[in-house]
Amino acid sequence: KKNTYIMGIETSCDETAVAILKNGTEVLSNVVASQIESHKRFGGVVPEIASRHHVEQMTIVLEEAFNQANVTWNQIDAITVTEGPGLVGALLVGVNTAKALAFAKQKPLVGVHHIAGHIYANRLEKEFEFPLLALVVSGGHTELVLMREHGNYEVIGETLDDAAGEAYDKVARMLKLPYPGGPFIDKLAAEGTESVSLPRAWLEEGSLNFSFSGLKSAVINTIHNAEQRREKLNPEDIAASFQASVVEVLTEKTFQAAMKYDVKQVIVAGGVAANKGLRHALTKRFLNTDIPLQIPPIHLCTDNAAMIAAAGTIAFEQGKRSAWDLNANPSLVL
Ligand code: KG4
Ligand code: ZN
């Protein structure tokens, strides 16, 4: 069987990324140019700045991905690109780059859903076993996704308001921590105690949905009340208590879903999968079950293009082709 070489492009948020994969799982290159430094002073991603950086970085990242992979254009079988969801101006840079290259080099073009990419980051480590349950936790998403076969996604639970990463970033902002705040809260949490009483949003009995806005409000109220009473609250304790609430709900609902659908494998995806508290709690929860739990290494948890090429390889092999009118879709459904 002939080898396949798939290129992936990702520009949905604040990383410009290009990767080249061999046979769906062998990463020949995975180049990521992060813009975090440019957005930090604004406390979040500024869409206009993100788009401009993508334009500036794209050709550089592309060239580097080809140099590292040591393949020629001739060998490339398809160009895969994140078509959504994400920031529309940011997505457009990737989509138009992919279209221009596909047209110029006469290659098939395949649009990929960003979350499918996060899920498929796990396949770079180990082959999937179905039915598979994915906990997707990122800055924009909190979803439980059931997969019965490759390329088939059923959302069985999702957040009704904020995404888990978004809640992390907002609480970090209240604690005056830099952007993105998730990793800083994670670090502080390890040094604090869970002494601040905060709610857990279980929602109605058996629900696999999530809600983090109540928790976020509870943290704001706790901080304000302490300020009014001139009491000193330890940021470490707030971080530890907040993280405990998020982690407990994510872990328990993932476990319930795994039991309910009798899955063969559980994987975790998205930037928040880098969280030490979550990794620890999930590992412990699935320890004495016969369901293998897989969490990707941190560089594959956050946005990258190898994950897009990984999901794109499956879509390509299943015959998916995008037409020349492929467009960025900020609210693309999985
Ligand atoms: O998947 P990702 O790189 O981008 C999106 O598609 O959103 O996820 C970024 C999110 C941010 O909200 C960031 O604060 C969060 O992931 N994050 C973390 C950790 N590392 C990144 N949240 C909690 N703990 C971490 N260690
Ligand atoms: Zn992402």
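1. The model under discussion is a predicted one. The buried residues in question are A164, G165, E166, A167, Y168, D169, V171 and A172. Because eight of its 11 residues are buried, helix 5 is largely enclosed by the rest of the structure. Just after helix 5, K176 adopts a positive phi of about 60 degrees.

2. The axes of helix 5 (residues 164-174) and helix 7 come within 10 Å and cross at roughly 10 degrees. An angle under 35 degrees counts as roughly parallel, and helix 5 is therefore roughly parallel to helix 7. On the helix 5 side the contact is made by A167, K170, V171 and M174, and on the helix 7 side by L215, K216, V219, I220 and I223. Sorted by class, this contact of helix 5 with helix 7 comprises seven nonpolar residues, two charged residues and no polar ones.

3. Helix 7 also meets helix 8. The axes of helix 7 (residues 213-228) and helix 8 (residues 235-260) cross at roughly 160 degrees and come within 11 Å. Since an angle over 145 degrees counts as roughly antiparallel, helix 7 is roughly antiparallel to helix 8. The crossing of helix 7 past helix 8 is right-handed. L215, V219 and T222 of helix 7 meet I238, F242 and S245 of helix 8. By class, the contact of helix 7 with helix 8 has four nonpolar and two polar residues, with no charged residue. L215 and V219 of helix 7 take part in the contact with helix 5 and also in the contact with helix 8.

4. An α-helix has 3.6 residues a turn, so residues three or four places apart point the same way.

5. Not counting residues up to four places away in sequence, L91 touches T11, S12, T82, E83, G84, G86, A328 and P330. The C-alpha atoms of L91 and G157, which are 66 residues apart along the chain, are separated by 26 Å.

6. Q68 lies in helix 2 (residues 47-69). Q68 counts as partly exposed because 16 C-beta neighbours fall inside 10 Å. With neighbours within four places in sequence left aside, Q68 is in contact with S29 and V31. The C-alpha atoms of Q68 and V31 are separated by 8.7 Å, although these residues are 37 residues apart along the chain.

7. The chain as a whole may be considered last. The secondary structure of the protein chain comes to 11 helices and 10 strands. Its radius of gyration is 20 Å, which agrees with the value near 20 Å for a compact globule of 334 residues. The C-alpha atoms fill a box of roughly 65 × 45 × 30 Å along the principal axes. Of the 334 residues, 49% count as buried. Among contacts with a separation of 6 or more, 74% are between residues 24 or more positions apart.

Terms used
Residues numbered from 1 in each chain as written. Chains lettered and ligands numbered in written order. Predicted model: local features only at pLDDT ≥ 70, side-chain atom pairs only at ≥ 80, totals over all residues. Helix = DSSP H or I, 4+ residues; strand = E, 2+ residues; numbered from the N terminus. Rg over C-alpha atoms; globule rule 2.2 N^0.38 Å. Buried ≥ 20, exposed ≤ 12 C-beta atoms within 10 Å, placed from the backbone. Contact = placed C-beta atoms within 7 Å. Axes fitted to C-alpha atoms, helices over the stretch in contact; angles between N-to-C directions. Parallel < 35°, antiparallel > 145°, perpendicular 65-115°, else oblique. Left-handed = near helix turned anticlockwise from the far one by under 90°. Nonpolar A, V, L, I, M, F, W, Y, C, P; charged D, E, K, R; others polar.
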